[in-house]
Amino acid sequence: MTATTPHFRSPVSADRPADLRSELAVDVAIVGGGIVGLTLAATLAPSGLQVAVIEAQTAAGAASRQRAYAFSLTSADIFKGLGLWPQIGPHICHFDKVQLSDGDYGRVVQFLPTDLGTDAVYYGAEHGVLMAALQGAIAAAPNIHYLCSASLGATFSLPTIFMIP
């Protein structure tokens, strides 16, 4: 399988390095530099692929959302696998019990850390904590280009994929 390389022009900005002011060829373009987009980029960093994360807001704007997230043990494992747990772990809360119930059924099912052999059954974290760790991770990856205050324009071409039997 072969594909053409996506090309796009990044916006000119005084705070953007000169090499990113012109056309940039990448293997993967991720549109959206929130938690999901940055997690994908951080996951791709060791692959050596050239990755562009295209975010409409500034990096500070993207990180400044006033919200918190509950996330699962599997999500925690992803952050641990990316080496981000030392930055995230001290700033999160642990849910030590989750109860499930249904209005039509009078019983409650409880999940406790002892049921799973873990320190929590769920975690909670503020948006800024997750974003700071993820932004730091991709800043350290030379093959990840974090283009903020950027958008796709007419010069962006989607890859054409050819299947070879």
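I took helices (H or I, at least four residues) and strands (E, at least two) as DSSP runs, numbered from the N terminus; two strands pair if DSSP finds at least two bridges between them.

The model is predicted: local features need pLDDT of at least 70 and side-chain atom pairs count only at pLDDT 80 or more, whereas totals for chains, interfaces and linings use all residues. Residues are numbered from 1 along each chain as its sequence is written, and side-chain values use heavy atoms, with hydrogens and water left out.

**Pairing of β7 and β10**

I looked up this pair and found three bridges in the antiparallel sense. Cys 93 has Gly 124 in β10 as its bridge partner.

**Helix α3**

I then examined α3 (residues 73–81), where Leu 73, Ala 76 and Phe 79 are buried. They span an arc of only 110 degrees around the axis, which puts them on the same side of α3; the arc is that of the directions from the helix axis to the C-beta atoms. Thr 74 and Gly 81 are exposed on the other side of α3. Buried means under 20% relative accessible area, exposed over 50%, and partly exposed in between (1.4 Å probe, protein chains only).

Just after α3, Gly 83 takes a positive phi of about 75 degrees.

**Nonpolar cores**

I used the following criterion: a nonpolar core is a set of buried Ala, Val, Leu, Ile, Met, Phe, Trp, Tyr and Cys residues joined through side-chain atoms within 4.5 Å. The largest has 30 residues, and Phe 71, Phe 79, Trp 85, Ile 88, Tyr 123 and Ile 144 have the most contacts inside it. α6 gives the most to this core, with six residues.

I also listed the contacts (heavy atoms within 4.5 Å) of Trp 85. Leaving aside neighbours within four places in sequence, Trp 85 is in contact with Phe 71, Ala 76, Phe 79, Lys 80, Pro 90, Ile 92 and Tyr 123. A second, separate core of six residues includes Leu 24, Val 26, Ala 52 and Ile 54.

**Asn 143**

I located Asn 143 in the loop between α6 (127–139) and β11 (144–148). Asn 143 is buried, at a relative accessible area of 8%. A polar atom of its side chain lies 2.7 Å from the backbone oxygen of Leu 49. I counted as a polar contact a pair of N or O atoms within 3.5 Å; within protein, one must be able to donate a hydrogen and the other to accept it, and residues adjacent in sequence count only if both atoms are side-chain atoms. Not counting residues up to four places away in sequence, Asn 143 touches Leu 44, Ala 45, Gly 48, Leu 49, Gln 50 and Val 51.

**Gln 66**

I found Gln 66 in the loop between α2 and β6. Gln 66 counts as exposed, at 78% relative accessibility. A polar atom of its side chain lies 3.2 Å from the backbone oxygen of Ser 64.
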